[in-house]
Amino acid sequence: MPSAPTPLAVLNEVFGYPAFRGQQAAIVDHVAAGGDALVLMPTGGGKSLCYQVPAIVRHRREQGVAVVVSPLIALMHDQVGALEEAGVHAAFLNSTLTLDEAQRIEREMMSGRLVLLYAAPERVTTPRFLAQLDSLHERGLLSLFAIDEAHCVSQWGHDFREDYLGLSVLHERYADVPRIALTATADELTRADIIERLQLGAAQVFISSFDRPNIRYAIVEKDDARRQLLRFIRDEHEGDAGIVYCLSRKKVEETAAWLNDEGIAALPYHAGLDAEVRRRHQDKFLRDDGVVMVATIAFGMGIDKPDVRFVAHLDLPKNIESYYQETGRAGRDGAPADAWMAYGLADVVNQRRMIDESPADEEFKRGQRAKLDALLALAEAHDCRRVRLLAYFGEQSQPCGNCDNCLNPPATWDATEASRKALSCIYRFHQQRGQRFGAGHLIDVLRGKRTDKVAQYGHEKLSTFGIGADLSEQQWRGVLRQLIALGHLRTEGEYNTLELMDSAREVLKGEVQLLLRVPSETPRRGRASRSGAAAKEKAAPIALDDAGQRRYAALKAWRAEVAREHNLPAYVVFHDATLAEMARSRPGSLDDLSGISGVGAKKLEAYGSEILRVLDETA
Ligand code: ADP
Ligand code: ZN
């Protein structure tokens, strides 16, 4: 057996990274030595290296091929491309290949020359594929199984896939081959499910902190959501890649069209679009610089684009798990990124109604409501958002200094009296022949507006008519939103009429104090240095002087060329951060260049002299 390199040597040589992050080292050692592992790590934490490095180490010990089970065939091409760029012999088997291509890859696999093979679960569990695995196994050429997005095996999760259930066969058939299952879904039910269904009882569980310190969380009150979004993008993310989530297909289409009209390169993505259109849009998002994807939650799983600079929500997600997963797609490269959400009364009403009207049983609905409540509490919070998020996942932490509430502690106002006025007005409506009304009419009555509807129902005669003229309509919406979020009120039926809940009594009696955020224009991070025409250019991830900027731009142009030639996204060739470091430090020799994080041996050999030439020419 040839002497195998250490995992750290592989990390340095192949990937060009100086050190493992967090738990990576422990995981990699454990798996390379033949142990099973379950890895819980947030998005962007660096899960891929946890199986890629052991696969390479074991391959070099003549232990053959690692099989990576991954649910998204659309993304295998780029993942494999990235490995080949780094000089690691990898391939994928899926339905996009011609018969010839598939046969060639199967030969590579059966010879044991391949280091990593990616395949979808439905293929891995076919008799034909298992027979091939049998043959590899008999010859001692099956090095490792990696099961990515392992939460897909759980019905509790949001992405359940029937085919994942069949993967327990891997343990039954090849008990001596190490398995590593990976997921970014943290909750305990899902975790227990993964262990049981994939028979990972003997696996070591590695749980990383779920904090994503580079993501700045901000939740703003909806006023004119589209304009707020536009301002957010213009002020902070001109030219950046980002994702905007909307609830409905229609809103996705409209928002994308509107952003385009406003001069922002946006594309729609939802399950109602043609598969071909979806593929094309996803490709553009991955490959082009600065595309904004406006999408329903149909978009995102497995998207490993590292430089997504913001994730914006125009509608409330259904719970904190979804919010965290979706926002987690920002800033995988570790550079500053934003999670921005606008939310308002209608969001609360809509989400509650969706639960109420779903065909699920009452117990399930109760669970859903509790989860929604936790998200609403996060949205209404005056204190650190991150502390609350992490607490939800069972992690204690200190105020982060990098969320809207930490940066800009919101003023609050005492809405106890206003709440009582609103509730007693609703109570009066009920008293009048049991009638119910929606928020709009209630606010009109409270503010003493003489509308047709007010006249029709004689509401100007109510004792509550005009008792809330001192508050603006927006303030009233905030009060009602909070009352619904706290469960003192609920909305019903097609017209979202308001109904008092039992606990409203305590508010009416003045036993509950309500503090509300004062809606404010959060001053943003801003990019004072970038203005005018230059603002359209995406900023380098580190500060560069003018000459540095020129070198960075030249390197990016060179990279775009290479990416096009290889039919790969630019970040697969080099990350922005790697190019920026080259532009800053101006390496004068291949040796200097090899010291930069992200420059592995293969890339140095393939591109080193080209890079030095580009740097030289733009000096
Ligand atoms: P995950 O799959 O957990 O979301 P990835 O495996 O895609 O995360 O890694 C996120 C990013 O971090 C990738 O761009 C990867 O190259 C980078 N990365 C991971 N580990 C390291 C490391 N030890 N040093 C430097 N960069 C790393
Ligand atoms: Zn904070």
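The centres of domain 1 and domain 2, taken over C-alpha atoms, are 29 Å apart. The chain is assigned domain 1 (7–207), domain 2 (215–410), domain 3 (413–511) and domain 4 (539–617), with bounds from an automatic or database domain assignment. This is a predicted model, in which local features need pLDDT of at least 70 and side-chain atom pairs count only at pLDDT 80 or more, while totals for chains, interfaces and linings use all residues. Residues are numbered from 1 along each chain as its sequence is written, ligands are numbered from 1 in the order in which they are written, and side-chain values use heavy atoms, without hydrogens and water.

**Interface**

- Domain 1 places 17 residues in contact with 11 residues of domain 2 (heavy atoms within 4.5 Å).
- About 1,200 Å² is buried between domain 1 and domain 2, 56% of it from carbon and sulfur atoms; buried area is the accessible area (1.4 Å probe) that two parts lose on being put together, summed over both.
- One salt bridge is found across this interface (a side-chain nitrogen of Lys or Arg within 4 Å of a carboxyl oxygen of Asp or Glu).
- Arginine 287 forms a salt bridge with aspartate 78, with 2.9 Å between the closest N and O atoms.

**Zinc site**

- Cys384, Cys400, Cys403 and Cys406 coordinate the zinc ion (ligand 2) through their SG atoms at 2.3 to 2.4 Å (donors are N, O and S atoms within 2.8 Å of the metal, or 3.2 Å for Na, K and Ca; water is not among the atoms, so sites may look incomplete).
- Along the chain, the donors of this zinc ion follow the spacing C-x15-C-x2-C-x2-C.
- The arrangement is tetrahedral because the four donor atoms subtend angles of 103 to 118 degrees (all angles must lie between 85 and 135 degrees).

Notes. Tetrahedral: all angles 85-135°; square planar, octahedral: opposite > 155°, others 65-115°.
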